[in-house]
Amino acid sequence: MIRTMADLEPDAVLRADIAVVGAGLAGVELTQFLARQGLRVVLLESGGLEFDATTQELYRVDQVGLRMRTPETHGQMTPYLLPMYRGNNRIRQYGGTGNAWTGKWRIFNTWDFEQRPWIPHSGWPLPLSQLLPSHAEIAREYGLLDLDAALHDPAFLDLSASLTPYGLTPHPFYWEKHPTRAGTHFFRELRNAANVDVILNANAVNIELRPSLDAVQAINFRALSGRSGRVEAGAFVLATGGLEVPRLLLASNGQVPSGIGNANGLVGRFFMDHPKRKDRHLVPGPAMRQLLDFVRRQPRPRISHSISLDLETQRVHELPNHAIYFTPEFTGRGDRLVEVRVQLGIEQFPNPNSRVYLGVERDALGMPRLVVDWQLLDTERVALEVLQRELVRAFVASGIGALDLGTNPLTIEEMLDASHHMGTARMADTPSDGVVDLNCRVFGTENLYIASSAVFPTGHAYSPTYTIVALARRLGHHLVHHVAQTP
């Protein structure tokens with residue numbers, strides 16, 4: 001069922017097998033999967049079914065480092081979105097930021113999960129192969145085209161072979177015609193499920209530990225009206241994104257002064273986004289005309305491709321992962337290519353000094369507002385200059401065309417964030433290196449998990465959504481087999 005805080009008794013106590021905080025893509029995916037396995041799930045969501053500016057205000061942060069977009073600074077940047085979503089880098093509403101998502105599904109490269117010596121703090125505690133079964137499940141159940149099949153298609157293999165001599169590699173991604181909105185996609189199922197209790201306008205404000213401090217006993221939640229409640233469960237999952245996950249962990253400091261999961265001071269550190277620039281151009285060469293069937297974005301749905309320097313070139317020049325996306329423009333009749341717009345997205349190097357932390361100001365719920373200190377390393381600035389030089393060289397040599405990235409070179413300050421908040425509760429083998437283990441369980445707790453891009457140790461170049469949802473599905477299997485069986 002789906003209810004609001006107004007439907008609950010004052011100081012209500014809810015009980016479930018699993019409690020999930022956050023009804024975005026990850027939270028709704030996890031809830032529907034667990035419910036289908038017969039588990040009782042309570043899903044807490046701060047927002048309502050409709051966008052509400054007062055609730056959205058709870059997301060406001062202070063910025064002291066590189067600036068991220070805001071409605072005031074970039075309100076007209078995304079004219080394809082509904083007006084209330086424009087410029088917001090997160091949406092506090094049922095369905096989460098998925099309400100403003102454009103529907104691009106992309107699997108990370110294999111090497112994104114590997115330790116790369118030239119990128120400090122790189123490497124996941126699990127390989128991509130352990131996540132691929134979850135990717136496949138999501139593709140089948142969500143009706144996505146098969147990206148694995150696209151990688152083995154003879155035409156793609158020919159394309160890849162033609163680019164290899166120039167140090168370039170293509171990578172497929174799937175564009176939906178109508179982006180999957182988790183809240184809408186699963187709304188009827190969650191509303192009608194007897195073992196699901198979705199509570200809207202319920203803001204998680206504190207994680208309460210058992211007296212032993214090694215497991216969670218309850219999560220306290222509150223409405224802007226002042227009505228409050230708590231949910232008790234066998235396991236708890238935070239699915240609130242790369243900024244709200246660390247805020248709740250750090251603010252839950254009544255029993256553990258440093259915050260939950262923060263014994264080694266890593267909660268909120270390694271904050272990453274995807275610096276990007278969308279308004280660049282390419283003067284197409286003969287090879288671009290051969291690439292058109294691969295890089296077209298319309299009509300959707302379709303599988304399209306981005307192009308990047310291959311791993312060996314990245315290794316030689318100590319570069320981050322990155323991607324060039326193409327938007328071919330044709331004459332009105334569509335019979336002649338006149339221009340190719342390009343977008344460059346780059347991977348950020350994990351940096352412990354790029355971080356978020358609790359500020360002094362408090363919001364309407366009494367929660368400390370978050371301070372975001374987004375930083376990039378000097379080595380990344382150098383790498384960006386080299387990356388542009390090598391991309392321009394490779395595109396000319398391969399015949400793709402003359403790549404115009406603007407000023408020479410394009411600087412970090414000329415790029416924008418992609419609203420992809422990652423790394424603030426990173427996954428690692430040991431507590432000294434991260435906040436969660438390879439099953440997304442918070443170190444030091446028995447039953448607290450995170451389903452969010454907050455756990456990413458590195459973030460690839462763009463499009464984290466498929467990885468977020470696949471991790472949520474993988475976590476769902478873990479909860480069913482290892483947690484739900486525990487009384």
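How many aromatic pairs does a search of the whole structure find? The search finds 14. Rings of Phe, Tyr and Trp (its six-membered ring) pair if their centres lie within 6.5 Å; planes under 30 degrees apart are stacked, over 60 edge-to-face, and the rest tilted.

This is a predicted model, where local features need pLDDT of at least 70 and side-chain atom pairs count only at pLDDT 80 or more, while totals for chains, interfaces and linings use all residues. Residues are numbered from 1 along each chain as its sequence is written, and side-chain values use heavy atoms, with hydrogens and water left out.

Take one pair. Tryptophan 105 is in strand E5 (residues 104-105) and tyrosine 142 in helix H4 (residues 132-142), 37 residues apart. Helices (H or I, at least four residues) and strands (E, at least two) are DSSP runs, numbered from the N terminus.

Tryptophan 105 has 0% relative accessibility, so it counts as buried. Buried means under 20% relative accessible area, exposed over 50%, partly exposed in between (1.4 Å probe, protein chains only).

Tyrosine 142, at 9%, is buried too. Its ring also pairs with that of phenylalanine 186: the centres are 5.7 Å apart and the planes at 65 degrees, so this pair is edge-to-face. Trp101, Trp105, Tyr142, Phe186 and Tyr466 form one aromatic cluster.

Now the nonpolar cores: sets of buried Ala, Val, Leu, Ile, Met, Phe, Trp, Tyr and Cys residues joined through side-chain atoms within 4.5 Å. The largest has 101 residues, and Leu238 and Leu479 have the most contacts inside it. Helix H13 (residues 465-483) gives the most to this core, 10 residues.
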